[in-house]
Each structure stands twice: as structure tokens, then as C-alpha cells.
Amino acid sequence: MTDLFGGAASYYARFRLDHGPEAIELLAGRFGPDARVLDLGCGPGTIAIPLAEHVREVVAVDPDAGMLAEGRERAKDVPTIRWVQGDSSGLREFAPFDHVTMGRSFHWMDRDAVLAELDELLPPGGSVALLAHPPDEPEPAWNAAAARVCDRFGLAWPHMRGSFQDSGLHHPAVLARSPFSRVSTRVFPRTVRFDLAHVVGLQLSLSVSTPARLGDRLPAFVAELEAELLAENPAGVWVEHPRTEVLVAERPTEE
């Protein structure tokens, strides 16, 4: 996963949506103020930074040095976050921890293997919290236009063994067959407004079209993407209704 988001960190930090305060408050209430939380695949701190004020410590782990640098800069006055370069292949290095959070990172992992190892590492009562879009979330209105440009530039989504891209299984199905099969779900909706610059920035934050993958074709890609988007929507404004789904997965209680 090290090069998955090469060059995308600044776009990710600036243009990706956070998960919303209600989702963070839900996690804070479940974890409690004395919890030590592993945020695996933390990116620029989308979960770690707002959660840190509610728990004892967040260990924020990501394979991408650029993401960690963005996170450190955004949280330079937050002493309860420890930023660590690493990934899901080295979970034991980050133990002990009481709970684990993952945002948009979990769908890139070998999810069965990660959950099996977390079963060995999490204490009794420990939970795995996933924050993502619900499986039935519609694609953004600009998605088809962006996909056409990516196709013309020969860009395809990466695939990782055991990931969503590899298996097509949504998170609830993977959790149901895991040691953490007791799952509670909450969905938090909101309405957001994006302009052209924001949509382009979002596209450059995606693994399919990172600046590293585009290289010296980046200016041409941006120009073509802007033209395609405006041809489809000359107003250059998109109103979307994204939802954050919070899955809190625990081990089944003994009868």
C-alpha cells in the first residue's frame, strides 16, 4: 500500500470530506475517555484528529509519509496523537490498544486477515469501528465524466489481495464471517456543495488518478477533466447528499 496514494496527500487533506461530528461523537461515547485507539490507515488524520480530544491516545498509522506529514501539520497542537509510518502487515508493532478505527482504508486491506489478527490483539470488549459510505451510496454526479477521462489516460483502479476491489464483498459481509460479527450500524446524512476546483481536487486524491500515477501528464489530465466536467455541467456546481455509515463490530457475547 506504500505507493497507493503517491503525491495525493495534500489533495486528500484539503478536498476529502471528513466523517462529520456525529460519527466522531458516536465513537467517543463507545470508546470512553481512557481508551487507547489504533487508527489504521489514518491518512491525514480524518478520524484521528477529531477523536483525539475524546480519548487518552490515538496511534495514527499510515504507510504514506506524505499523509503523515499532512496529519502532523494539521495536529501540531494535539499532544495525544502518535503518528507512525506502517500498515496492516505490522499490527503487533502498535499494540497494545483498546479499539481500532479505520475509515476509507479498510477496503484496501486483506480484510479477513486483518480481522483475524485483531482478534488476537484486541482485549475483551475491544471493538473495530469502520467509517465509510453505505454500500447503496450512489456514485457522485461527476463520476461518469471523471471515469471517461481516466479511461482515455489509461488509468485503472489498483487491486489488493483480499480487498473490496478483489472480492466485491462489502464490509458487513466480511464482518459477519469474522470474529467481530456483532455489528451495530448508524448512518449520518448531510448535504454538501462542490465547485469545479473541489471536484478536480477530489479526483486527484483518489488512488486511480494520483499525481504520482499521472506524472508529467498531470496538467493535461486536469485540463481535460475540467473540460469534460463543464461540458456535462456548465454551471460547475454539484450538490451532493453523502452519508457516513459507522459500523462498530464486536465479538459476540457468550450466552
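The model is a predicted one, in which local features need pLDDT of at least 70 and side-chain atom pairs count only at pLDDT 80 or more, while totals for chains, interfaces and linings use all residues. Residues are numbered from 1 along each chain as its sequence is written, and side-chain values use heavy atoms, with hydrogens and water left out.

The secondary structure of the protein amounts to 11 helices and nine strands; helices (H or I, at least four residues) and strands (E, at least two) are DSSP runs, numbered from the N terminus. The protein has a radius of gyration of 18 Å, close to the 18 Å given by the globule rule for 255 residues, so it is as compact as a globular protein of that length. Here the radius of gyration is taken over C-alpha atoms, and the globule rule is 2.2 Å times the number of residues to the power 0.38. The C-alpha trace spans about 60 × 40 × 35 Å along its principal axes. Of the 255 residues, 52% count as buried, where buried means under 20% relative accessible area, exposed over 50%, and partly exposed in between (1.4 Å probe, protein chains only). Among contacts (heavy atoms within 4.5 Å) with a separation of 6 or more, 78% are between residues 24 or more positions apart.

The strands come next. Two strands pair if DSSP finds at least two bridges between them. Strand β4 (residues 99–102) pairs with strand β1 (residues 36–40) in the parallel sense over three bridges, and V37 stands opposite H99 of β4. Three bridges also join β4 to strand β5 (residues 128–132), and these two strands run parallel; V100 has V128 in β5 as its bridge partner. In a regular strand the side chains alternate between the two faces of the sheet. Both faces of β4 are covered, with H99 and T101 buried on one side and V100 and M102 buried on the other.

Helix α5 (residues 111–121) forms, with β4 and β5, a right-handed β-α-β unit. A crossover is right-handed if, with the strands pointing away from the viewer, the path from the first strand over the helix to the second runs clockwise. Strands β2 and β3 are also parallel, joined by five bridges, and D62 has Q85 in β3 as its bridge partner. The chain crosses from β2 to β3 through helix α4 (residues 65–74), and this β-α-β crossover is right-handed.

P96 lies in the loop between β3 (81–85) and β4, and a cis peptide bond with omega of about 5 degrees joins A95 and P96. Most residues other than glycine have a negative phi, and most peptide bonds are trans. R56 lies in the loop between α3 (48–52) and β2 (57–62). At 42% relative accessibility, R56 counts as partly exposed. Leaving aside neighbours within four places in sequence, R56 is in contact with P33, D34, A35, R36, T80 and D98. The C-alpha atoms of R56 and V37 are separated by 8.2 Å, although these residues are 19 residues apart along the chain.

Helix α11 shows how a helix can have a buried side. The 15 residues of α11 (residues 218–232) should span 21 Å at 1.5 Å a residue, and the end C-alpha atoms are 21 Å apart, which agrees; the expected span is 1.5 Å times one less than the number of residues. In α11, L218, F221, V222, L225, E228 and L229 are buried. They cover an arc of only 135 degrees around the axis, which puts them on the same side of α11; the arc is that of the directions from the helix axis to the C-beta atoms. An α-helix has 3.6 residues a turn, so residues three or four places apart point the same way. The face of α11 turned away from the buried side carries the exposed residues P219 and A231. The cover over the buried residues of α11 includes α6 (143–152), α9 (196–204), α10 (211–214) and β8 (237–240).

Helix α9 is mostly covered, with eight of its nine residues buried. Its buried residues have cover that includes α1, α6, β7 (192–195), α10, α11 and β8. A8, in the segment before α1 (9–15), is buried, with a relative accessible area of 0%. Not counting residues up to four places away in sequence, A8 touches L204, S205, T210 and P211.
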